[in-house]
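Subject: Structure handover

Hi,

Please have it open beside you as you read.

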Number of protein chains: 2
Amino acid sequence: MDSKMKTSRRTFLKGSVALAGGSVAGAAVANEADPLITEVQEWASATGVGVDETPYGMPISFEKDVVRRNVEWLTASPISSINFTPIHALDGTITPQGCAFERHHSGAIELRKEDFRLMVNGLVDTPLVFSYQDLERFPRENHVYFCECAANTGMEWAGAQLNGAQFTHGMIHNMEYTGVPLRTLLNEAGLGAAGDLTGKWVYVEGADASSNGRSIPMEKALDDVLVAFKANGEALRMEHGYPVRLVVPGWEGNMWVKWLRRIEVTDAAVESREETSKYTDVYEDGTARKWTWVMDAKSVITSPSPQMPVSHAPGPMVISGLAWSGHGKITRVDVSRDGGITWQKARLGKQGDSKALTRFYLDGDWDGKAMLLQSRAMDETGYVQPTKQQLRDSRGENSVYHNNCIQTWYVDENGVVENVEVS
Amino acid sequence: MDSKMKTSRRTFLKGSVALAGGSVAGAAVANEADPLITEVQEWASATGVGVDETPYGMPISFEKDVVRRNVEWLTASPISSINFTPIHALDGTITPQGCAFERHHSGAIELRKEDFRLMVNGLVDTPLVFSYQDLERFPRENHVYFCECAANTGMEWAGAQLNGAQFTHGMIHNMEYTGVPLRTLLNEAGLGAAGDLTGKWVYVEGADASSNGRSIPMEKALDDVLVAFKANGEALRMEHGYPVRLVVPGWEGNMWVKWLRRIEVTDAAVESREETSKYTDVYEDGTARKWTWVMDAKSVITSPSPQMPVSHAPGPMVISGLAWSGHGKITRVDVSRDGGITWQKARLGKQGDSKALTRFYLDGDWDGKAMLLQSRAMDETGYVQPTKQQLRDSRGENSVYHNNCIQTWYVDENGVVENVEVS
């Protein structure tokens, strides 16, 4: 059988970047015995590793670089932090909690379930306080949703700055949340006292020192907001708001208040620091866009990308990325290899969930030439992800938040990838 | 506002188990100031914990008991191990890899991607060897599937033995797998040499010392089997087969060969140890059921359960559990509180995925009396999960594997839960 053995066509093509200009070693490989096939390996002849000592398993040591990372100059203060999901190294759609980005404004807190209290007050019939155990006695739901920081891709307003999909687009995660609909708790307290609900709001705040208060219009509060206590089946991690956080599907991550403490029904938005001086976009004339909660349709190619160069020769190549929309389902993603001149329709990993990450693939061949890779998402409202120039034309260049522009990666002949802009 | 404040109706009911026979302290609580509400807490007045030091986050210390566990007497040999997912403490459907059960036969191995080789040989046109990188160049798919060990619930054939859903039903996990369809690799090698594919098989084996070889009929191999390299978006953990495992949707976990090494196309089943003396069910007369690959529809209530007693007074109570079927989607789950005399239709957490865990809930009230809790799953084929007696009647009492019987939990007046049988 050995004499008949050949390697895959894809193996023929492997390693040409390292061997640039050298021979493609297909035939040679087919004739040489590969000791990894022909010899009995150490791992096949001895007992492996027991896992009794790892009741909660961690990634294998070979994957130690697939972790959240931060960018030191982005957060001047040690108590205000942001980090980034390693989206360049992930596939599928679910983000494991352990490497899911998180942002806090005054440090993560260690709040025991026994010490958790959630107050619902303001314009309600009966102000109430819920313990953690109380929450578990209400009907609960499970939904996969993305959570994206309003500042995701924010550094890119100023030009192509951060050289990696993890840093340009990694302030996002996608988890299966379990929680009680907020409307259930509001109805338990009774909304009769609020009168006509039109124009009413809820103000939500956390138990940490920052409290991170945000105003949410009543219509959204009664729609799909969850008071959540599990993510991907297990308890929220400390940095994701243990024991309870708010989930505000499709809306900016800052509103997903962690270590949830209080929900007040009000007759006006509070206009807190977090929704006035922060998390708003300033136009050229100095005025600001008001209420920019929904995260518009967006996408990014995660592989190849600067941290995930092409490490194989021309030939079969899978281009893959993520798309999402705060307005609902992703219906289509197109991929360009020439900086937006021509487009090909990508294959969706599976039909997109609403307000959740959708994985897309373009299965094709690479001709070995340089590429300007782009992806462009469309959602069920018909909205099409804009170019960076289109965004700048409409919003000016003072913005930090809500940058959902088409991203461009330059792939050179050696497979090296760089963050660039095309005009 | 303090004078108006009341606690939730559910709070009124809290703690009656601890206070058994004592007063339900609702009114008192409403008048007493709760310092957790009225006083500024330490965590609200100081900087919290930075998370820069935890690029890969772990569960908070308060959840340290939510881990895989083993049962020492179940695995006599230190090199053959099984452990159990803490399903009693999870919600939703996704199982985090870190606490997903795993079974190995000669220890987990540490196999670098660079050292990975997958041979496809036997009755193929061109025997091929794939590197890890080769696999990444084929079109890939994402699917959530459950993986259940054939021995899950196996100890319960002999009576109600293990006092916890984690131990009776925890040899199961449910993850989003990313991989290349096996049919793609078989077609790359070419199946012309195999002639008529009817009656043909593939024999799959792992790179570990046990090799754990299994035969899979060609029809299944060409259907939905995946050669997978990611679970829940990230690389497989070592104990789940890093870098590559087989995913055989709906079929017993032993066939999901880890550290995948070789796939041979054959004209007959190999009838290896793992599919003859192991993983088969012996009838009363000493003969064995042959080819029992599909995991039939099954369900279990995870809360309440022996490790998750009822810790609140009578009143609102959510009963929750998991259901699954190797034949497709779960269409309905019923719950009984009286040991199977009367049934109520449970609410499905969301419409079930095919061959994936489905979460169910029964939202109701507990009258404080003892209950015999059962759940009963139905799948899209019309199959109804059987009672333990029905299984014994058809298979006798020599079995260890494939026990998908209805489970009974006895809940006493104090909320304590025990594994029992009803006749």
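Strands here are DSSP runs of E with at least two residues, helices are runs of H or I with at least four, and both are numbered from the N terminus; two strands pair if DSSP finds at least two bridges between them. This is a predicted model, in which local features need pLDDT of at least 70 and side-chain atom pairs count only at pLDDT 80 or more, while totals for chains, interfaces and linings use all residues. Residues are numbered from 1 along each chain as its sequence is written, chains are lettered from A and ligands numbered from 1 in the order in which they are written, and side-chain values use heavy atoms, with hydrogens and water left out.

**Two hairpins and a sheet**

In chain A, strand β3 (residues 117-122) pairs with β4(A) in the antiparallel sense over four bridges. Five residues link β3(A) to β4(A) in a hairpin, and A:M119 stands opposite A:V129. Strand β4(A) (residues 128-131) is covered on both faces: A:L128 and A:F130 are buried on one side, A:V129 and A:S131 on the other. Buried means under 20% relative accessible area, exposed over 50% and partly exposed in between, with a 1.4 Å probe and protein chains only.

Further along chain A, strand β20 (residues 408-411) has antiparallel pairing over four bridges with strand β19 (residues 371-379), where A:T408 is the bridge partner of A:Q374. Strand β20(A) also pairs with β21 (residues 417-420) of chain A, again antiparallel over four bridges, with A:Y410 bridged to A:E418. There are five residues between β20(A) and β21(A) in their hairpin, and A:G415 in that turn has a positive phi of about 90°.

Over in chain B, four strands make an open sheet with antiparallel pairing in the order β13-β14-β18-β17. Its edges are β13 (298-303) and β17 (347-348) of chain B, each with a single partner strand, so one side of each has no neighbour in the sheet. Strand β17(B) is joined by two bridges to β18 (residues 358-366) of chain B, and B:L348 has B:F360 as its bridge partner.

**One helix**

Which residues are buried in helix α8 (residues 388-395) of chain A? They are A:K388, A:L391, A:R392 and A:R395.

**Cores**

A nonpolar core is a set of buried Ala, Val, Leu, Ile, Met, Phe, Trp, Tyr and Cys residues joined through side-chain atoms within 4.5 Å. The largest has 71 residues, and A:Y177, A:L186 and A:V202 are among those with the most contacts inside it. Strand β9 (residues 226-231) of chain A gives the most to this core, with five residues. Apart from it lies another core of 70 residues, including B:W251 and B:W259.

**How the chains relate**

With superposition by least squares on C-alpha atoms of residues with pLDDT of at least 70 in both copies, a rotation of 180° with 0.0 Å of shift along its axis places chain A on chain B (RMSD 0.0 Å). That is the relation of a two-fold axis. Of the residues of chain A, A:P96 comes closest to the rotation axis, at 3.5 Å (C-alpha).

Best wishes
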